[in-house]
Amino acid sequence: MFFDTHSHVNSEAFLHDADTVIKRALGEETGVVIIGTDYKSSKKALEQANKYQNSVWATVGLHPLSLQSYTEKIGEEVKTIPAEKFNLDMDATLAKFPKTVAIGEIGLDYAWRDTDTDLENLKKEQKAVLVEQLKLARRFDLPVVIHCRQAHDDLVPLLQAFRQEYKESLPKDRPWGVIHCFSGDENLAWQYFNLGLIISFTGLITFSQRWDELIRKVPLEKIMIETDSPYMTPEPHRGKRNEPVLVKYVAQRIAEIRGITVERVGEVTTANAKLMFKLK
């Protein structure tokens, strides 16, 4: 009935109960895509997806934040995550597996950086790595899962240029990518739609009315739903760890805003996911 198109069940937050969490989602007819953000997490996403014959898939990619070391709080422990360089051969190896349904999470992020980071060099590196991963997606005819934070002014022209160069190889009958956790306005949404992309919404829309008007206006065929778990937990579970089964609350909020049934939202957004990810 529902499809969580973006989850991080491969993260430390699910170290001890990932299988239980996945099975809970499957028990409520919820498909799951597990997102890679570096080589280690991409490999783990594939390992998790391979445990299940249907309804669980993986993506592989290098998140823009993974290009520089950063600290992350896991429970009460603060860990330093080392920087990773993009390795085309390693990502290509993972992209070949049947359970790999997209290249991602890739993109641009100019927000989360150390104060002493050279922003211009950061932008240059992120753009170069993004383009290499977009090319990798074309090589394997896979869609892309794109992350963007405070960088749409750079992302849109970059994708326009890429689309122009690769227009002959891009699919004509399905989206070639998604802007995940979309947080822009209607004008920005249509810029991405016109590029052949779609957008997805998280639990953010359950506790903020900022996107209500956008959700009323955009075609239902242009959106998907996601949890971005363990982050972005929707109401009524805010403050707790997010997980794929809770994607139903994102669907419920869209249904309320549009004045349609949640079953209709589930049906169309699931069909959108199956189309983009090329799932039977």
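The chain has 10 helices and 10 strands, where helices (H or I, at least four residues) and strands (E, at least two) are DSSP runs numbered from the N terminus. Its radius of gyration is 18 Å, close to the 19 Å that the globule rule gives for 280 residues, so the chain is as compact as a globular protein of that length. That radius is taken over C-alpha atoms, and the rule is 2.2 Å times the number of residues to the power 0.38.

A word on the source: this is a predicted model, in which local features need pLDDT of at least 70, side-chain atom pairs count only at pLDDT 80 or more, and totals for chains, interfaces and linings use all residues. Residues are numbered from 1 along each chain as its sequence is written, and side-chain values use heavy atoms, with hydrogens and water left out.

Of the 280 residues, 55% are buried, meaning under 20% relative accessible area with a 1.4 Å probe, protein chains only.

Now strand β7, residues 144-149. Is β7 mostly covered or mostly open? Mostly covered: 5 of its 6 residues are buried. Strand β6 (residues 100-109) runs parallel to β7, joined by 6 bridges; two strands pair if DSSP finds at least two bridges between them. Leu108 has Cys148 in β7 as its bridge partner.

Strand β8, residues 177-179, is also parallel to β7, with 3 bridges. Here Ile146 is partnered with Ile179 in β8. From β7 the chain crosses through helix α5 (residues 152-165) to β8, a right-handed β-α-β crossover: with the strands pointing away from the viewer, the path from the first strand over the helix to the second runs clockwise.

Note on methods: Buried means under 20% relative accessible area, exposed over 50%, partly exposed in between (1.4 Å probe, protein chains only).
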